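User: I would like to go through this model term by term. For each label, tell me the rule behind it.

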Amino acid sequence: MVLAVDTCLFACSAAVVEDGVTRASRIEPMSRGHQERLAPLVAEVMAQAGIAFDSLDRVGVTVGPGSFTGLRVGLAFAKGLSAALDIPAVGVGSLEALARPHQGRVIAALDAKRGQVYLQGFADGVAVSAPDVLALETAAARVAELAPDVLVGTGAALLAEVRPSAKVIGIDHTDPAAVAAVAAARPPSPPRPLYLRAPDAKLPGGRDPS
């Protein structure tokens with residue numbers, strides 16, 4: 001029994017999945033406010049599924065790439081629930097979760113702004129490249145090399161002309177049931193945030209926080 005949560009992208013979502021069957025799922029589009037919404041949304045999904053928290057076997061959570069603030073919200077929640085229930089928390093990459101529902105050659109791409117995309121390639125659900133942040137020109141070359149059947153994510157449209165035959169799915173959030181599926185199959189290990197570039201935040205005076 002897996003509870004999966006995602007706050008990395010443009011939604012706050014949760015799902016309860018038992019042996020591959022989704023018992024309950026909810027996706028609420030939002031760009032901010034995940035911290036206030038996540039716990040009530042999880043409680044609602046658990047109630048809809050008719051599952052007590054002590055029936056859970058593990059918690060799956062997206063770890064990025066995505067919003068720095070959003071992914072920390074999900075990680076903190078998953079780690080807290082893991083500790084309280086004494087069950088594993090499992091990290092899932094947001095690019096992997098985006099690609100999960102699709103078969104064949106898939107590239108998951110997220111618009112990272114500043115002329116960059118977060119990108120990862122998959123073949124029938126197996127990663128064929130590591131998650132990376134690439135300039136658009138480099139990302140286009142990667143698309144040409146991998147020749148995907150599907151481009152998925154907020155960066156898909158930025159790369160579509162490189163592979164006109166690919167199906168373009170410009171979704172801006174993951175399916176929490178896909179997060180649960182990956183988490184269920186993965187050996188438990190403490191989830192850690194996947195930061196592919198430094199945060200944009202600046203200290204007073206414009207100094208870099210690092």
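User: What makes the meeting of the side chains of Asp149 and Arg105 a salt bridge?

Analyst: First, the ground rules. This is a predicted model, where local features need pLDDT of at least 70, side-chain atom pairs count only at pLDDT 80 or more, and totals for chains, interfaces and linings use all residues. Residues are numbered from 1 along each chain as its sequence is written, and side-chain values use heavy atoms, with hydrogens and water left out. Now the pair. A salt bridge is a side-chain nitrogen of Lys or Arg within 4 Å of a carboxyl oxygen of Asp or Glu. Asp149 and Arg105 have N to O at 3.3 Å, so the term applies.

User: Which parts of the chain does the pair of Asp149 and Arg105 tie together?

Analyst: Asp149 lies in the loop between helix H4 (136-146) and strand E10 (150-152), and Arg105 in strand E6 (residues 105-113), so the bridge ties together parts 44 residues apart in sequence. Helices (H or I, at least four residues) and strands (E, at least two) are DSSP runs, numbered from the N terminus.

User: Why are Asp149 and Arg105 called partly exposed?

Analyst: Buried means under 20% relative accessible area, exposed over 50%, and partly exposed in between (1.4 Å probe, protein chains only). Asp149 has 33%, and Arg105 has 36%. Both values fall in between, so both residues are partly exposed.

User: How many salt bridges does the rule give, and which residues are linked in a network?

Analyst: The count is seven. Arg26, Glu28, Arg37 and Glu44 form a network of salt bridges. Within it, the closest N and O atoms of Glu44 and Arg26 are 2.5 Å apart. Glu44 sits in helix H1 (residues 34-49) and Arg26 in strand E3 (residues 21-29), so this pair ties together parts 18 residues apart in sequence. For Glu28 and Arg37, the closest N and O atoms are 2.8 Å apart. Glu44 is partly exposed at 29%, and Arg26 is partly exposed at 27%.

User: Why is the pair of Phe68 and Tyr195 called stacked?

Analyst: Rings of Phe, Tyr and Trp (its six-membered ring) pair if their centres lie within 6.5 Å; planes under 30 degrees apart count as stacked, over 60 as edge-to-face and the rest as tilted. The count by this rule is one aromatic pair. The ring centres of Phe68 and Tyr195 are 5.1 Å apart and their planes are at 20 degrees, so the pair is stacked. Phe68 belongs to helix H2 (residues 68-85) and Tyr195 to the segment after helix H6 (176-185), 127 residues apart. Phe68 is buried at 19%, whereas Tyr195 is partly exposed at 39%.

User: How do you know that Ser94 is buried, and what is it in contact with?

Analyst: Ser94 has a relative accessible area of 0%, so it falls under the buried cut-off. Ser94 lies in helix H3 (residues 94-99). Contact means heavy atoms within 4.5 Å. Leaving aside neighbours within four places in sequence, Ser94 is in contact with Thr62, Gly64, Pro65, Leu110 and Thr174.

User: What is the peptide bond from Gly64 to Pro65, cis or trans?

Analyst: The bond is cis, with omega near 0 degrees. Pro65 is in the loop between strand E4 (58-62) and H2. Most residues other than glycine have a negative phi, and most peptide bonds are trans.

User: Where is Asp86, and what is its phi?

Analyst: Asp86 is in the loop between H2 and strand E5 (89-92). Asp86 is not a glycine, yet has a positive phi of about 55 degrees. With a relative accessible area of 70%, Asp86 is exposed. Ala147, also not a glycine, has a positive phi of about 50 degrees. Ala147 is found in the loop between H4 and E10.
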